[in-house]
Amino acid sequence: MAEIAVIGGGISGIAAAYYLNQHNIDVDLFDAAESIGGRIGSEVLDGRTVDFGGKNIGRNYRRFRCFVKDYGNLPFEQFGFNTSQVVGGRVIKISKEKAKLRNLMRLVYLCGLKGFFKLYPLVKAVKGDHEQGVLNSDFFNSIAEQNDHGSLSVFFGERCSQHVVRPVTVRMNGAEPEECYPGNFGSNLALALDSYEQLQGGMSSLIQAFYTGTQHTRFFTGYDVERLAFDPASSKVVIKGFNKGKSEELTYKKVMLALPASKAAPLFEHSNPKLSELLEKVTYYPVAVAVVQYQNDVFKHDHRAMVFDRTSPLSNAGAYGINDLSLVRYTFSGDKARKMILSGTNPEKAISIAEKTIEDYFNVKGNSKHNYVYKYLDPGLCAYSPYHYKLLQKMHGTLDTFHNSIGLTGDYWRGASIEACFRSAEEAVQKLIHK
């Protein structure tokens, strides 16, 4: 048995195990599912593996790209940035493949002057220093201190919120602008300003490479952890859970908890109710994703995606890849989606709603479906909280009661992107092993 356990086999748990392994520390990694990957998991569609989340890899993902290099140096392919939306009956396109001046003019049009002058200093801060494009950065903590009494919709105004902010927040947080706060917006901007590629073999090939290639991590899938107990006398941690349905207790010198905050909270209900209460303050919203293969191309090369307003449960429809114009990724998130697309919703019904939404803009009428894969995720996307950095400070203080035997990492520490999860894991590992 290893001395350190990682609980959670999603990207945060994989990152935590990776950084512990880099220090030649053996790790036991636990996940309730039968395979690792979590919310970036994959499915097979027509003999091809497709990813539900996390497939777009930013040029600025330095930590994650080091991980890729260490596990096979898998090849990337261009994904690009090409999207559109309908404003006043007109289709407005923004593409990083086009002239920068044209995109800037369209952005100003979408923002309105008031919104643009609010947005510009934030963009400048992130472009000038990538370290500011995460949760709990100095610049955005000061923004929070001054503005988190109101939501993003208050901060930016109606026009900018609906046409610029909302397409970002529903895609990245599953939340409406009135459910998000200025102090957290740096993590959104970093994603919006980046340029993207994707792994040619998908995320599943990388996860499999880590699963089979690491020499310092043992994997325990199908292991449902229900409680953590800290023993002050030995300064060790007891994991209480169910291994393939059988009750079991295991003791470790240290534990890194790499679960969504809402999943981590119940594990501390008995050992540290205060920490459990703090974790419950982090908000998550459900999201549903369908990847559908059509007989003929749905998109054109110069028009590969569209975002939709709050009247539709479909937040985004886009080509799966720059050349996958017949393979469509539908995302259902936001307030309308929460009311119409539920855990028990028939996938065919959800896809039918999506097709009806896009049929005036893309080629789905009479374009037969070959097959599809569908997943409803709850918890899905993290929307954080107002004055989120103060909440994180309180969590750090509460963790001190465990005498550095338990660490926390996940999408609520530095942001929801893969790179932010790697950064959070790297920082949490440093604290766990060096303090």
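**Stop one: an arginine and its partners**

Select Arg-338 and Glu-179: their side chains make a polar contact at 2.7 Å (a pair of N or O atoms within 3.5 Å, one able to donate a hydrogen and the other to accept it; residues adjacent in sequence count only if both atoms are side-chain atoms). This is a predicted model, where local features need pLDDT of at least 70 and side-chain atom pairs count only at pLDDT 80 or more, while totals for chains, interfaces and linings use all residues. Numbering runs from 1 along each chain as its sequence is written, and side-chain values use heavy atoms, leaving out hydrogens and water.

Arg-338 sits in helix H11, residues 335-340 (helices are DSSP runs of H or I, at least four residues, numbered from the N terminus). Now show what Arg-338 touches, skipping neighbours within four places in sequence: Gly-174, Ala-175, Glu-176, Glu-179, Tyr-285 and Pro-286 (contact means heavy atoms within 4.5 Å).

**Stop two: back along the chain**

Pick Gly-174, which follows H6 and has a positive phi near 65 degrees. Then select H6 itself, residues 158-172: its end C-alphas are 20 Å apart, close to the 21 Å expected at 1.5 Å a residue (1.5 Å times one less than the number of residues). Look for a kink of about 55 degrees at Val-165, shortly before Pro-167 (the angle between axes fitted to the seven residues ending there and the seven starting there). Of the 15 residues in H6, 12 are buried (under 20% relative accessible area, 1.4 Å probe, protein chains only), including Cys-160, His-163 and Met-172.

Notes. Helices (H or I, at least four residues) and strands (E, at least two) are DSSP runs, numbered from the N terminus. Buried means under 20% relative accessible area, exposed over 50%, partly exposed in between (1.4 Å probe, protein chains only).
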